[in-house]
Amino acid sequence: MDPAYQQIIGMGPAVLPLLLDELAREPDHWFWALWAITGSDPVPSESRGKVGEMAQAWLKWGQEHGYLAEKHVA
Amino acid sequence: MSLETDFPRLQQSGFIEISPRDKTYNCIAFAVGRKDAWWQAFPAPGYYWPPFVPNDESVDALTRLFETLGYAVCPDGKYESEYDKVAIYATGSEYTHAALQVREDWWASKLGKSIDIQHRLDALEGGIYGQVARFLKRPKPR
């Protein structure tokens, strides 16, 4: 794993708002970090591997857990 | 991903860019004909991996995935017009990449989140994908 990516995971929950904001701006592969930090798996089975839908699932999770403003969720 | 540093043989070997960067599908999805999802054996939840295929990053697990699609292990990547062939790249026992044969001496690959290309098989060796470790083939659909 990329050392920079490992560093992000090492920052723990404090980095979640930034990761989720980034995910809202442009869906990308932050899912490993989100899972590693939170231990959560909000992606429904029918959305697995579909990056846009995975991002939406995490944004919804972020909103429900107070890490993200509601405006980001489609 | 930097093509020059990640695949040191690629520029000299030559390649054809087929489509632009796309974060939504990867080499495995591409090799099985899908561009709607990211297929990855990974301990992290969220990615797609077919059921009944071992969820690990071994060459054997990826071999099993292709076997479920009608492929069988074969000895080489020599072009056979009546067969589809895939090549599995690996470092050690872990798969890193899969490429699909498109014609004699030419293969198609999606490079992670980057572009998809057509290339010679050895053009992706010697870098982050390691070496070709296994070939599989199946009869082309009639």
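Predicted model: local features only at pLDDT ≥ 70, side-chain atom pairs only at ≥ 80, totals over all residues.
Figure 1. Strands (E, at least two residues) and helices (H or I, at least four) are DSSP runs, numbered from the N terminus. Residues are numbered from 1 along each chain as its sequence is written, and chains are lettered from A and ligands numbered from 1 in the order in which they are written. Chain B has a mean pLDDT of 95, with 99% of its residues at 70 or more.

**Figure 2. Strand partners of E6(B).** E1 (residues 15-19) of chain B pairs with E6(B) in the antiparallel sense over four bridges; pairing requires at least two DSSP bridges between two strands. E5 (residues 106-110) of chain B is also antiparallel to E6(B), joined by four bridges. Ile117(B) is the bridge partner of Glu17(B) and of Ser109(B).

**Figure 3. The hairpin of E5(B) and E6(B).** Five residues lie between the two strands. In the turn, Gly112(B) has a positive phi of about 55°.

**Figure 4. The helices of chain A.** Chain A has four helices and zero strands, in the order α-α-α-α along the sequence. The C-alpha trace of chain A spans about 30 × 25 × 20 Å along its principal axes.

Conventions: pLDDT = per-residue confidence, 0-100.
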